Amino acid sequence: MTFSAKDVADLRQKTGAGMMECKKALTESNGSVEKAAELLRQKGIVAAAKKADKIAMEGIVVSKISDDKKAGVIIELNTQTDFVAKNERFIELSKKVLDTAVKNKTKSAEELLNIKIDGTTVADLIKAEIATIGENIQLRRVDLYDVDKGVVGSYIHPVGNKIGVLVKLTSTTDGNTSELEVLAKNIAMHVAASQPQPEYIDKSSIPAETIENEKRIELGKEDLAKKPKEIAEKIVQGRLDKILAQRCLLEQPFIKDPGLTIDKLISEKGKQLNSEIRVAGFIRYNIGETVDKSQEKEIAAV
């Protein structure tokens, strides 16, 4: 018996299940929407679909570096409660997804969700775990760094795996991988722990509009209102240099040795290894930071 696109749409509206699951269920039920809905319920797909409407703000950040240290992936896998985030099934799921991301050098969550693990897409694997574990699970973010000469390093804060950092270092020589790996991990640890958090590598990477916005804010402060324009400009420039320096990774004092800036730390290591080393990129994940906080009330109702 055949079924129409409207039947599929009606079943999706009724159950919240995905299009492919609805088509398969309609085929098995000879086109009956009611029987197809029962089939989906029996398979736990409806329950999974309903759970997938819930906000997932807890979870873990995990990362993995390739054996040659030339590539690394960081992912944020979310669920609704910290209890489930510590569940062995959830942790095992994160490992499978992470291994797949590293193997395929995946650059986005959308790309990763469509890759297959033993014949099953990551999206379907997650959906199956939603039905089993009983909470919504979302693959929120994925980032990949890779490098020709240099290393990729990472650091995951061990308390709950809630904060993670990926760092990309380039080098003019392609030796001393172990030394560079330690340096990359130390910088990643700094990014994870430093306050204020670095947003840029150095001042040259700060967008012009950000600089202009900060300048406008400083110029508008009351203590400068009665000062001559030339003097106010000089004062603002000094404040601006300090404000922006705090937001630049290379100018921050190294958390393990405040007497060294990150720039100096890298420079000294470069001299030791007879190589020019630079930070080509860094990214910091903090669990739930990309979730719309206005949705928190929905979580309480779960």
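In this predicted model, Arg-89, Phe-90, Leu-93, Lys-96, Val-97 and Thr-100 of helix 6 make contact with Val-122, Leu-125, Ile-126, Glu-129, Thr-132 and Ile-133 of helix 8. Sorted by class, the residues of this contact comprise 7 nonpolar, 2 polar and 3 charged. Helix 6 covers residues 88-104 and helix 8 covers residues 122-133; their axes come within 11 Å and cross at roughly 180°. Because angles over 145 degrees count as roughly antiparallel, helix 6 and helix 8 are assigned to that class.

On the side of helix 9, the contact involves Glu-179, Leu-180, Leu-183, Ile-187 and His-190, while helix 12 contributes Ile-262, Leu-265, Ile-266, Lys-269, Gln-272 and Leu-273. Here the residues divide into 7 nonpolar, 2 polar and 2 charged.

In the loop between helix 9 and helix 10 (208-219) lies Pro-196, which is joined to Gln-195 by a cis peptide bond with omega of about 0°.

Two residues other than glycine have positive phi values. Asp-118, with phi of about 55°, belongs to the loop between strand 3 (116-117) and strand 4 (120-121). Its relative accessibility is 81%, so Asp-118 counts as exposed. Asn-161 likewise has a phi near 55° and is placed in the loop between strand 6 (150-156) and strand 7 (163-171). With a relative accessible area of 26%, Asn-161 is partly exposed.

These local features belong to a protein with 13 helices and 10 strands. Of its 302 residues, 45% count as buried. The accessible surface comes to about 16,500 Å², and 50% of that area belongs to carbon and sulfur atoms. Among contacts with a separation of 6 or more, 64% are between residues 24 or more positions apart.

Confidence in the prediction is summarised by an average pLDDT of 86, with 90% of the residues scoring at least 70. Over residues 292-302, however, the pLDDT is below 50, and this stretch has 9 contacts in the model beyond near neighbours in sequence. Where pLDDT is low, predicted coordinates should not be read in detail.

Key
Residues are numbered from 1 along each chain as its sequence is written. This is a predicted model: local features need pLDDT of at least 70, side-chain atom pairs count only at pLDDT 80 or more; totals for chains, interfaces and linings use all residues. Side-chain values use heavy atoms; hydrogens and water are left out. pLDDT is the predictor's confidence in each residue, from 0 to 100. Contact means heavy atoms within 4.5 Å. Helices (H or I, at least four residues) and strands (E, at least two) are DSSP runs, numbered from the N terminus. Buried means under 20% relative accessible area, exposed over 50%, partly exposed in between (1.4 Å probe, protein chains only). Accessible areas come from the Shrake-Rupley method with a 1.4 Å probe; for residues, only the protein chains shown count as cover. Axes are lines fitted to C-alpha atoms, for helices over the stretch in contact, and angles run from 0 to 180 degrees between N-to-C directions. Angles under 35 degrees count as roughly parallel, over 145 as roughly antiparallel, 65 to 115 as roughly perpendicular and the rest as oblique. Ala, Val, Leu, Ile, Met, Phe, Trp, Tyr, Cys and Pro count as nonpolar, Asp, Glu, Lys and Arg as charged, and the others, Gly among them, as polar.
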